[in-house]
Number of protein chains: 2
Amino acid sequence: MRTVSVIVCGFGRVGRAFADLVDSHAEVLAERYELHAQLVAAVDIGGAAVSPGGLPIPELLAHVESGGAPCSFGAHGRPGLSGVQAIEDPGADVLVETTPTNLDDGEPGRRHILAALGQGMEVVSATKGPLVLYYREIHDRAAEMGCGVHISAATAAALPTLDVGRVCLAGARVLSAEGILNGTTNYILTRMHTEGCEYGEALEGAQARGIAETDPTLDVEGWDTANKLVLIANRVFGASGGPGDVSVEGITGVTPSDVAGAVSVGRVIKLLGTAKVAGKGGGVTLAVAPVGLERSHPLAAVSGSEKALSYLTDTMDRVTVMGGRSSPQGAAAALLKDLINAFV
Amino acid sequence: MRTVSVIVCGFGRVGRAFADLVDSHAEVLAERYELHAQLVAAVDIGGAAVSPGGLPIPELLAHVESGGAPCSFGAHGRPGLSGVQAIEDPGADVLVETTPTNLDDGEPGRRHILAALGQGMEVVSATKGPLVLYYREIHDRAAEMGCGVHISAATAAALPTLDVGRVCLAGARVLSAEGILNGTTNYILTRMHTEGCEYGEALEGAQARGIAETDPTLDVEGWDTANKLVLIANRVFGASGGPGDVSVEGITGVTPSDVAGAVSVGRVIKLLGTAKVAGKGGGVTLAVAPVGLERSHPLAAVSGSEKALSYLTDTMDRVTVMGGRSSPQGAAAALLKDLINAFV
């Protein structure tokens, strides 16, 4: 049995769901992987709860869910302790980074990740900001320190985009990746198809059901898809691009007559993120745009808030993966998966 | 750069396609994985071609494709050398086992695999017979020797059934696996749906197109699906069953009126292999049967000779993978994938 000590930075819905999984799946970790994951610090903006011997997870979650903060968790509370301090002081085997995605400067995720790599820790991240904005810096620092940065949870959560591209297709040349990577926009487009309604009406429906956020810009303008696409391309094609390398068009301009026109020729409109290798030894072209897919395309039947990714390869032909829970628990499960695969 | 020496047993279409891939994808192996795979022996029923320094693959393939055999390949030819002798004498890092599947006694694959494990070699197998019939013996021997037996190519070839179940879903409890695991029967059922024809007519169409074999028993009676299902259940659920543990019903009894009846209630008939965990701590129930799937089921749209597998889990919900080339090259690509993942 190997004990893996874990620091969780960001103790919002994803961070707490991860802690809950570590507790509820302790038996799976032990029996199947001979791992014992121990939560040694949980950090949020106000401070941290710290215990080198392992925090009592159910009690910590009950404390936070009844309005408390990690920093006020009894004798373990450390008001004002920052993520970097927690990473550098008690130290741990792995950082699980779940602070909110910040697409302006990637903070505080970036400094957490760099501090953890500086300590020789493995990093598992659901936070997209630093990965998208500082991919090369983080990649190079990880290589220098001999550590891994595992980002499944930042690339469509429980949909196994990277594992499929890297493990399942090992040895094949990947020619392209096409994905429906954002559940909100797919839900809106699905409603526009099934109900023939306007974009605005479908968006309101999605907001009413809690599927779209109050400010849906990142989703509907295509940037969430673009960010995931960049990370997939960087990992699977060995690229090192950023959001600026993607041609991005969202779904706000899609009209009922566009939808009707697509349907009349047997197609369905999907917001597609596409990465294509441009010739042998060439670069990778990245684009996000609404595309009319033929009904026989494997992504055409992906409806509602479901996500999917389809790889085209030279030796295995097309391999498509779809599904995976879109929720904090789905993201937490992707974090746990990466942690396991990093240590087993 | 790490050199991995490889013995291929069985030099039929899959074995040759594998050798061809090792040659054509040498650059991918080197650049992406820092691996150099070296074919040190190719064995078929008449003997072997052997070269401890590595056989010249294009010349060997040209020799065999113009009617020669490995054992008559110039100075490298070793008439009468058996698979076990090749495995025990020159030795290698890995056995790639591609002899024809024998469901009576699993030979000669079984003795090849056991001989390789006895030498401490990794095993990569496309041959189902010994894996299905002697799963426990092979599993235990591999564990004893600290070697891996990698069987992606025996469980639906380029469709990544096991990688998804083991790597992509790591840490989740898999509750069930449902698969369309046989391309021939799915092709026949698809034709019965689209053309409303009898089973016999659809079978003849599949035979005319080279999709069904002259003796289609193994496919249409459900046993090919059952064999793949057993291997998936053993690997993903940690079971150790055999074909006798599967309730098997094929598609020969499916009639046009069954198809019409399913369609009239919005369903589509698929030959489904299903593995379900029976209660907490319980065993795994295995069944193969034609099932009327609702149109919204993720496997309902899998048509023609395509294959797919859908896992239901506790924390990631449903994850479905589909596609992958169904051909000797697809199986060879799965062999190469397993080889890479075993050594990287």
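Predicted model: local features only at pLDDT ≥ 70, side-chain atom pairs only at ≥ 80, totals over all residues.
The relation between the two chains is considered first. The same surface serves both copies, since 100% of the contact residues of chain A recur in chain B.

The extent of the contact was then computed. Chain A contributes 37 residues to the contact, and chain B contributes 37 residues. Between the two chains an area of about 3100 Å² is buried, and carbon and sulfur atoms give 56% of this area. Residue pairs in polar contact between chain A and chain B, with both residues at pLDDT 80 or more, number 19. On the side of chain A that touches chain B, at least two residues each are supplied by helix H1 (13-24), helix H2 (26-33), helix H8 (161-168), strand E13 (318-323) and helix H14 (328-343) of chain A. H14(A) provides the largest share of this side, with eight residues. By residue class, the side of chain A that touches chain B is made up of 19 nonpolar, 10 polar and eight charged residues.

Two salt bridges are found across the interface of chain A and chain B. In a salt bridge between side chains, A:Asp317 meets B:Arg325, with an N to O distance of 3.9 Å.

Strand pairing also joins the two chains. E13(A) pairs with strand E13 (residues 318-323) of chain B in the antiparallel sense, over five bridges. In this pairing, A:Met322 stands opposite B:Thr320 in E13(B).

Within chain B, strand E11 (residues 284-294) pairs with strand E9 (residues 246-248) in the parallel sense, over three bridges. Here B:Val246 stands opposite B:Leu286 in E11(B). E11(B) also pairs with strand E10 (residues 267-277) of chain B, in the antiparallel sense and over 11 bridges. In that pairing, B:Val268 stands opposite B:Leu293 in E11(B).

Methods
Residues numbered from 1 in each chain as written. Chains lettered and ligands numbered in written order. Heavy atoms only, no water. Pairing = 2+ DSSP bridges. Helix = DSSP H or I, 4+ residues; strand = E, 2+ residues; numbered from the N terminus. Contact = heavy atoms within 4.5 Å. Buried area = accessible area lost by both parts, 1.4 Å probe. Salt bridge = Lys/Arg side-chain N within 4 Å of Asp/Glu carboxyl O. Polar contact = N/O pair within 3.5 Å; in protein donor to acceptor, adjacent residues only side chain to side chain. Nonpolar A, V, L, I, M, F, W, Y, C, P; charged D, E, K, R; others polar.
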